[in-house]
Each structure stands twice: as C-alpha cells, then as structure tokens.
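Subject: Structure handover

Hi,

Here is the structure for your files. My notes on it follow below.

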Amino acid sequence: IRWPKREAEYSFTLPQIPLENLALDEIGVSNETFEREGEEWRGKNFRVILKTLRPGPARMGEFRIHYIDPANQKGGFFDFSSIELEINEDSFTLQ
C-alpha cells in the first residue's frame, strides 16, 4: 500500500484472513519511504506465510485491511479477493 506522505501518517490493522486447509505460519509488516517525482511517499508491505495442512482444495478467503489517519480519525479499508488453491503432495496450484 503506497501514498504521498503529505496525505497522512496512516496506521493499519493486521488482516484477519479466513483460511481453509491452510494455517498462518507468520505475518509481518514492513514500512518504506521513497521519493516519486520529487515528492516523499510512504509504503506499507504485508507478508503472510502460510503452511498447508493436507493435500486437496485450499482457500484464502476475502479479507480487509483497515487504515486510519490518527490526526483526524478518518479511515477506510482495502478489500482483497479470495484465492483458491489445490494442494498436491509436493506442491500447490493456483485455481
């Protein structure tokens, strides 16, 4: 997620991801600052590591990441679509 620094100093919640035949192994967040066309920008990267439970169908359900600007208490959210997977003995396939 990226935005111009002048816009706000947003805070984000960690996503709550519904999982089927998958388990959350690790979730991480990193921040970045960079320049784009002479303007300072901010970024937030979310990293989710999942482990498979058994061969067969698996799913990451739809989820949201909420954000808020603490200065004015205004916020919103980003929606993410579900992802269907097929877990094989040695690998997985995106559906």
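Ser11 has Ile68 in β7 as its bridge partner. Strands β2 and β7 pair in the antiparallel sense, over two bridges. Two strands count as paired if DSSP finds at least two bridges between them. The strands themselves are DSSP runs (E, at least two residues; helices are H or I, at least four), numbered from the N terminus.

This is a predicted model: local features need pLDDT of at least 70, side-chain atom pairs count only at pLDDT 80 or more, and totals for chains, interfaces and linings use all residues. Residues are numbered from 1 along each chain as its sequence is written, and side-chain values use heavy atoms, with hydrogens and water left out.

Confidence

pLDDT is the predictor's confidence in each residue, from 0 to 100. The chain average is 92, and 94% of the residues score at least 70. Among the elements, strand β3 (residues 19–20) has the highest mean, 98. Strand β10 (residues 92–94) has the lowest, 59. Where pLDDT is low, the predicted coordinates should not be read in detail.

Asp69 has its bridge partner, Lys74, in β8. Four residues lie between the strands of this hairpin. There, Gln73 takes a positive phi near 60°.

Nonpolar core

Which residues make up the largest nonpolar core? There are twelve: Trp3, Ala8, Tyr10, Phe12, Ile17, Leu22, Ala58, Met60, Phe63, Ile65, Leu85 and Ile87. The rule for a core: buried Ala, Val, Leu, Ile, Met, Phe, Trp, Tyr and Cys residues, joined through side-chain atoms within 4.5 Å. Buried means under 20% relative accessible area, exposed over 50%, and partly exposed in between (1.4 Å probe, protein chains only). In soluble globular proteins, nonpolar side chains tend to be buried together.

Phe12 is worth a look in the viewer. Leaving aside neighbours within four places in sequence, Phe12 is in contact (heavy atoms within 4.5 Å) with Ile1, Trp3, Lys44, Phe46, Ile65, His66, Tyr67 and Phe78.

Aromatic rings

Rings of Phe, Tyr and Trp (its six-membered ring) pair if their centres lie within 6.5 Å. Planes under 30 degrees apart count as stacked, over 60 as edge-to-face and the rest as tilted. The count by this rule is nine aromatic pairs. Trp3 and Tyr10 are edge-to-face, at 5.5 Å centre to centre and 70° between the planes. Trp3 is buried at 7% relative accessibility. Tyr10 is buried too, at 19%. Trp3 and Phe12 form a tilted pair, at 5.4 Å centre to centre and 45° between the planes. Both of these residues are buried. One aromatic cluster takes in Trp3, Tyr10, Phe12, Phe46, Tyr67 and Phe78.

Salt bridges

A salt bridge here is a side-chain nitrogen of Lys or Arg within 4 Å of a carboxyl oxygen of Asp or Glu. The count comes to nine. One of them joins the side chains of Lys5 and Glu40, at 4.0 Å, N to O. Lys5 lies in the loop between β1 (2–4) and β2 (11–12) and Glu40 in strand β5 (residues 39–52), so the pair ties together parts that are 35 residues apart in sequence. Lys5 is partly exposed, at 32% relative accessible area. Glu40 is partly exposed as well, at 36%.

Glu26 and Arg47 meet in another salt bridge, 2.9 Å from N to O. This pair links distant parts of the chain: Glu26 is in strand β4 (residues 22–36) and Arg47 in strand β5, 21 residues apart. Both ends are partly exposed, Glu26 at 36% and Arg47 at 43%.

Glu40 also bridges to Arg42, at 3.6 Å, N to O. Shared partners join Lys5, Glu9, Glu40 and Arg42 into one salt-bridge network.

Arg6 sits in the loop between β1 and β2. Arg6 is exposed, at 64% relative accessible area. The C-alpha atoms of Arg6 and Glu40 are separated by 7.8 Å, with the two residues 34 apart along the chain.

Best wishes
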